[in-house]
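Subject: Structure handover

Hello,

Here is the structure I promised to pass on. My notes follow below it.

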Amino acid sequence: MYLRKSSLELIFIALFVVSGFAGLIYQSVWSHYLGLILGHAAYAQSLVLAIFMGGMAYGSYLASKRGSRVRDLILAYAIIEGIIGVLGLAFHPIFTGMNALAQEQVLPLLGEGSLGIVYQWFSAALLIAPQCVLLGATFPLLSSALLRLEPENDGEVLGGLYFANSIGAAFGALATGFILLSSVGMPGTIFTAGLLNILVALFAGLTSRVAPPQPVIEEVPAAPVEDFEALIREPSSRTTLARRLLILTGMSGAISFVYEIGWVRLLNQVFGTTVHGFELMLSAFILGLAFGGLSVRQRAEK
């Protein structure tokens, strides 16, 4: 006996709220961890934002390219969430070991020049990049699973999941800065996020056993090479418009992160600390994205 699609959608939304909550715990607490490596909170926050978004973009790309071959997308999502959770539980010991290795052996060998600085930045990015890529794969997998079951409601499905994930993320940022860090410290905070991901993985795995079969969508055959080359040489107005929109969207994304970094600096002057400024900025930014997306979803057809 399978779950009804409406019940399945509610479960997905609940899972994505918790997943978003955990995801922003990572982003918030990573800035504190990486600050210990780079020696400056501002550099750490900028690096976390860059690796977080870049990793999520790459993870989303990989999931969208390969997801069509996966028969049980809910189970795939559960596995990804489980791996994220395990990495979250292991993050503090891994960080401690890497930091000790750097301070005791690598940095004394490389010296205080450019090689040592490059190593610090590279090792800091490497610490969080795998989880960022995996986090980026979660939304395409879960949304694709639901779209296979409800292809006629694509706008509502995508809007609902995006809103749920963003709401969870906004509260995750606030909880990290104002509750978790002060009560359980950095190790306890990131351990909490790992536990939440594992709980999501367990519930998603159980849901996959009672979910209706997800019909695999046949891939559209690729256009002949000569047709594609002709399209490149003589792009249609639609292709030209699409390219321009992609370029403008990329510019808009870059500018939005200039705002993020600037707002963090301004909030730091208000609070006198980098802790609450970063979390407040993340929460307000993501909350705005959530309600902006919800507003467009409700009015897009008009």
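L47 is found in helix α2. Helices here are DSSP runs of H or I with at least four residues, strands are E runs of at least two, and both are numbered from the N terminus. L47 has a relative accessible area of 11%, so this residue is buried. Buried means under 20% relative accessible area, exposed means over 50%, and partly exposed lies in between, using a 1.4 Å probe and protein chains only. Leaving out residues up to four places away in sequence, L47 touches L34, L38, W121, A124 and A125. Contact means heavy atoms within 4.5 Å. The C-alpha atoms of L47 and A124 are 8.4 Å apart, although 77 residues separate them along the chain.

Some ground rules before the rest. This is a predicted model, in which local features need pLDDT of at least 70, side-chain atom pairs count only at pLDDT 80 or more, and totals for chains, interfaces and linings use all residues. Residues are numbered from 1 along each chain as its sequence is written, and side-chain values use heavy atoms, with hydrogens and water left out.

The chain overall

The chain has 8 helices and 0 strands. Its pattern along the sequence is α-α-α-α-α-α-α-α. The chain has 302 residues, and 40% of them count as buried. Take the contacts between residues at least 6 apart in sequence: 83% of these join residues at least 24 apart.

Helices α3 and α4

Helix α3 covers residues 73-110, and helix α4 covers residues 114-149. They pack at an angle of about 180 degrees, with axes 10 Å apart. Therefore α3 is roughly antiparallel to α4. Axes are lines fitted to C-alpha atoms, for helices over the stretch in contact, and angles run from 0 to 180 degrees between N-to-C directions. Angles under 35 degrees count as roughly parallel, over 145 as roughly antiparallel, 65 to 115 as roughly perpendicular, and the rest as oblique. The contact of α3 with α4 has 25 nonpolar, 7 polar and 2 charged residues. For these classes, Ala, Val, Leu, Ile, Met, Phe, Trp, Tyr, Cys and Pro are nonpolar, Asp, Glu, Lys and Arg are charged, and the others, Gly among them, are polar.

Two residues of α4 are worth a look. S123 is in helix α4. At 8% relative accessibility, S123 is buried. S123 touches I37 and M98, not counting residues up to four places away in sequence. L126 also sits in helix α4, but L126 is partly exposed at 47%.

The cavity

The search used a 1 Å grid over the protein atoms alone: a cavity is a set of points where a 1.4 Å probe fits but cannot get out, a pocket is an open set with protein on both sides within 12 Å along at least five of seven lines, and lining residues have an atom within 4 Å of a point. Grid points are joined across faces, edges and corners, and a volume is the space filled by probe spheres set on the points.

How many cavities of 30 Å³ or more does the whole structure hold? The search finds 1. The largest cavity has a volume of about 70 Å³. Its lining includes I37, M98 and S123. The largest share of that lining, 5 residues, comes from α3. By class, the cavity lining has 5 nonpolar, 4 polar and no charged residues.

The pocket

The largest pocket holds about 890 Å³ of space. It is lined by 31 residues, and F52, M53, M56, Y162 and L289 lie nearest its centre. Helix α7 supplies the largest share of the lining, 7 residues. The pocket lining divides into 16 nonpolar, 14 polar and 1 charged.

Two more residues

S28 lies in helix α1. S28 is buried, with a relative accessible area of 0%. Beyond its neighbours within four places in sequence, S28 is in contact with A173, T176, F278, E279 and L282.

M186 lies in helix α5. M186 is partly exposed at 24%. Apart from residues up to four places away in sequence, M186 touches V29, H32, Y33, L36 and L181. The C-alpha atoms of M186 and H32 are 7.9 Å apart, yet the two residues are 154 apart along the chain.

Best wishes
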